[in-house]
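Me: Could you take a close look at the sheet in this model for me, and at what packs and pairs around it? I would enjoy one connected walk-through.

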Amino acid sequence: MTTTRVRIEPWTDGDLALLRRVNTPEMKKHVGGPESEEHLLVRHRRYLDFVPSGLGCMYRIVLLPEGVPTGAGTAVEAAAAGTAAAEAVGTVGYGTRTWEGRTVHEMGWNVLPGFQGRGIAVAATRAAVAAARREAAHRHLHAFPSVDNPASNAVCAKAGFTLLGETDFEFPPGRFMRSNNWRVDLRS
């Protein structure tokens with residue numbers, strides 16, 4: 001598969017269904033397990049508020065069908081090009097947090113199981129890092145995958161993050177896990 005078939009599109013109110021699709025034991029095993037419906041609704045509202053509040057940006061990851069012209073980046077554009085609709089296959093984005101006394105951005109991603117292992121997470125993460133370089137308010141973008149999550153650590157390495165070392169990281173609130181601290185300098 002070519003990474004030109006992967007697009008990121010800003011999060012909308014209609015993406016709550018996608019958020020529910022990634023909220024499974026399999027998808028959330030490295031981050032404390034699935035969230036309750038109440039927590040999902042709070043997360044969805046926070047994602048919708050990222051851009052207006054200046055705290056970050058959340059995206060849905062879209063896989064374009066074969067034959068869609070490179071410029072046909074959304075489902076509407078794909079349909080207008082006379083092809084099958086693009087398919088939402090995951091999420092990627094960044095938000096603001098305090099880390100070691102500084103305000104930084106933290107990035108995370110999810111790719112649905114049927115689409116994993118095809119380079120989609122790496123392509124989407126690279127696109128989100130490029131967007132953060134243009135739009136983010138803070139210099140550093142971090143990712144904190146569990147040391148026990150080789151797939152997400154590989155995404156960081158392939159997407160241009162630098163490994164700073166291991167750390168104890170709190171996620172979700174109240175649960176600490178051993179994580180790798182990966183960072184991108186958005187100003188370089």
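Reply: Here is a tour that starts with the sheet and then turns to the core, the salt bridges and the cysteines.

A word on the basis: this is a predicted model, in which local features need pLDDT of at least 70 and side-chain atom pairs count only at pLDDT 80 or more, while totals for chains, interfaces and linings use all residues. Residues are numbered from 1 along each chain as its sequence is written, and side-chain values use heavy atoms, with hydrogens and water left out.

The sheet is open and has seven strands, running β1-β2-β3-β4-β5-β7-β6 with mixed pairing. Its edges are β1 (6-10) and β6 (162-170); each has a single partner strand, so one side of each lacks a neighbour in the sheet. From one strand to the next, the twist averages 30°. Strands here are DSSP runs of E with at least two residues, helices are runs of H or I with at least four, and both are numbered from the N terminus. Two strands pair if DSSP finds at least two bridges between them.

Inside the sheet, β4 (residues 102-111) and β5 (residues 140-143) pair in the parallel sense over two bridges, and H105 stands opposite L141 in β5. Helix α4 (residues 120-135) packs on the sheet, where it touches β1, β2 (57-63), β3 (87-99), β4, β5 and β7 (176-185), and its direction makes about 45° with that of β3. Helix α5 (residues 150-158) packs on the sheet as well, touching β4, β5 and β7, with its direction at about 15° to that of β7. Contact means heavy atoms within 4.5 Å; the angles run from 0 to 180 degrees between N-to-C directions, using lines fitted to C-alpha atoms, for helices over the stretch in contact.

Now to the core. The largest nonpolar core has 43 residues, and those with the most contacts inside it include I61, W109, I120 and L141. Helix α4 gives the most to this core, with nine residues. A second, separate core of five residues includes W99, V104, F144 and M177. Such a core is a set of buried Ala, Val, Leu, Ile, Met, Phe, Trp, Tyr and Cys residues joined through side-chain atoms within 4.5 Å. Buried means under 20% relative accessible area, exposed over 50%, and partly exposed in between (1.4 Å probe, protein chains only). Beyond its neighbours within four places in sequence, I61 is in contact with residues including V6, V92, V111, I120 and A124.

Charged pairs come next: there are eight salt bridges, each a side-chain nitrogen of Lys or Arg within 4 Å of a carboxyl oxygen of Asp or Glu. In one of them, R60 meets D15, with the closest N and O atoms 2.6 Å apart. This pair links strand β2 to the loop between β1 and α1 (16-21), across 45 residues, and both R60 and D15 are buried. R97 and E106 form another, at 2.7 Å from N to O; R97 is partly exposed at 23%, and E106 is partly exposed at 21%. Through shared partners, salt bridges also join E9, D15 and R60 into one network.

Finally, the cysteines: the whole structure has zero disulfides, a disulfide being a pair of cysteine sulfur atoms within 2.5 Å. C57 counts as buried at 7% relative accessibility, and C156 counts as buried at 0%.
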